[in-house]
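Welcome to this tour. Open the structure in your viewer, keep the selection tool at hand, and follow the stops below.

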Amino acid sequence: MHTYTYLFCDLITDAVLAELPLSDVKYSTELNGIGALTAFVPYNDDTISLDPDTATRPSRTALYIDRDGVIVWGGIVWTRDDRTATGRQIQAAEFMSYYQRRTVKQTLATDTSLVTDTDFVPDGQRLYTDQRYLVWSLLRYANAQPYGEVGITVSNIAAEPGTGINRVAAYYGYERPVIYDAIAALAAADDGFDFGIEVFWTQPANNDPPSRVKRARVWYPRRGRQSAAESGLVFSNGGPEPSILDYKWPENGTALATEVSALGAGNGEARLTSTAQATDLLSAGYPLLESVTTYSDVLEQSRIDGLARADVAARSQADVQPTFDVMADADPQFGSYTVGDVALFVIEPDQKTPAGRQQELRILSVETTATAGAERITLTCGAV
């Protein structure tokens, strides 16, 4: 059995409000997305003195999950259900969800001709052009606004080398673009990056106890280990110690596209457009399957071209997204892998897959169910 500790903290100061037991806990981490948590807070003689109503207040509370001394999840409590005689249900999302509720309120741009104050953000309106530092600019802008600092460290992004990929970007304050959406769009572009917020304990030093850290990251070119040979991760439903309990390996042709048209800013015939094709699939015998994506805030042809290429690359692999229920304590053990890692999945011949199957896949989501009894891990995967 593993020891879980649930720390509820003030979102701004990070001061601990209460350590509460939770039941029916399910939490997930998403690659370039926002993982969610659901749990039940019991109200009983042991917890009522801890003031769980205050400790779980939505939009004010950070929640950290510690598993055997390691922080495995962190986020913000956003909603909770009505209180019952036995407790109440809460819902939370990873810390990146904070930036879904933050907007750009003055024009920020890489092009200095579009701004009046050409100093770099946050002192001025100028954005750095390298995509890593452009994300840094947006996060620094968010943190610099009055009451906008919630303890998410971003300075480490500037300490990492640039990606060498420059972007042209403009965010107009009168449109109030959402900061998370701006970062996600940059990441999704051709030759983009992965992003997220890490949570962990610091190492104790000089008799100081460890402290909690929530740190924004930009990974380029990708997060995680990029092959099974590099990661050493092998999940199998056979052999003396199988790790896969169950799996679903659906194939959905409705999600596949062999041509994507990306639409940018503008109206009528003047609208920016770009079309990209999955030439490998077309030459292999697939028909023309068209899809359209819209980016009405994109003003540059080069950027809409990159988005079209990225979209067709994603949609040409969208027909396969298997899920695997795996044991937490079997090899590979929970904690030895993360979203972004590539692993080898081996399915021995069975009723669903008579010929067996094995394939390297990238882990896109890790969902953990921490209820009474053994933990259950669900991995959602995609093409490498």
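Begin by selecting helix H2 (residues 131-144) together with helix H4 (residues 179-188): these two pack at an angle of about 175°, and their axes are 11 Å apart. Axes here are lines fitted to C-alpha atoms, for helices over the stretch in contact, and angles run from 0 to 180 degrees between N-to-C directions. H2 and H4 are therefore roughly antiparallel to each other; angles over 145 degrees count as roughly antiparallel, under 35 as roughly parallel, 65 to 115 as roughly perpendicular and the rest as oblique.

Now show the side chains where they touch. H2 brings Gln131, Leu134, Val135, Leu138, Leu139, Tyr141 and Ala142, while H4 brings Ile179, Ala182, Ile183 and Leu186. Contact means heavy atoms within 4.5 Å. Sorted by class, the residues of this contact are 10 nonpolar, one polar and no charged, where Ala, Val, Leu, Ile, Met, Phe, Trp, Tyr, Cys and Pro count as nonpolar, Asp, Glu, Lys and Arg as charged, and the others, Gly among them, as polar.

A word on what you are viewing: this is a predicted model, in which local features need pLDDT of at least 70, side-chain atom pairs count only at pLDDT 80 or more, and totals for chains, interfaces and linings use all residues. Residues are numbered from 1 along each chain as its sequence is written, and side-chain values use heavy atoms, with hydrogens and water left out.

**Stay with H4**

Is H4 mostly enclosed or open? Seven of its 10 residues are buried, so H4 is largely enclosed by the rest of the structure. Buried means under 20% relative accessible area, exposed over 50%, and partly exposed in between (1.4 Å probe, protein chains only). Select Ile179, Tyr180, Ala182, Ile183, Ala185, Leu186 and Ala187 to see the buried residues of H4. They pack against H2, strand S10 (170-171), strand S11 (194-201) and helix H7 (301-315).

H4 and H7 pack at an angle of about 70°, with axes 9 Å apart, which makes H4 roughly perpendicular to H7. Here Ala185, Leu186 and Ala188 of H4 meet Arg303, Leu307 and Ala310 of H7. This contact has five nonpolar, no polar and one charged residues.

**On to Val260**

Select Val260, in strand S15 (residues 259-263). Val260 is buried, with a relative accessible area of 0%. Beyond its neighbours within four places in sequence, Val260 is in contact with residues including Ser274, Ala276, Thr293, Ala308 and Arg315.

**Backbone stops in the loops**

Go to the loop between strand S8 (108-109) and H2, where you will find Pro122. The peptide bond from Val121 to Pro122 is cis, with omega near 10°. Another cis peptide bond runs from Tyr220 to Pro221, with omega near 0°; Pro221 is in the loop between strand S12 (212-219) and helix H5 (228-231).

Next, select Asp14, in the loop between strand S1 (4-10) and strand S2 (16-19). Asp14 is not a glycine, yet it has a positive phi of about 65°.

**Zoom out**

Helices (H or I, at least four residues) and strands (E, at least two) are DSSP runs, numbered from the N terminus. The C-alpha trace spans about 65 × 60 × 45 Å along its principal axes. Buried residues make up 51% of the 384 residues.
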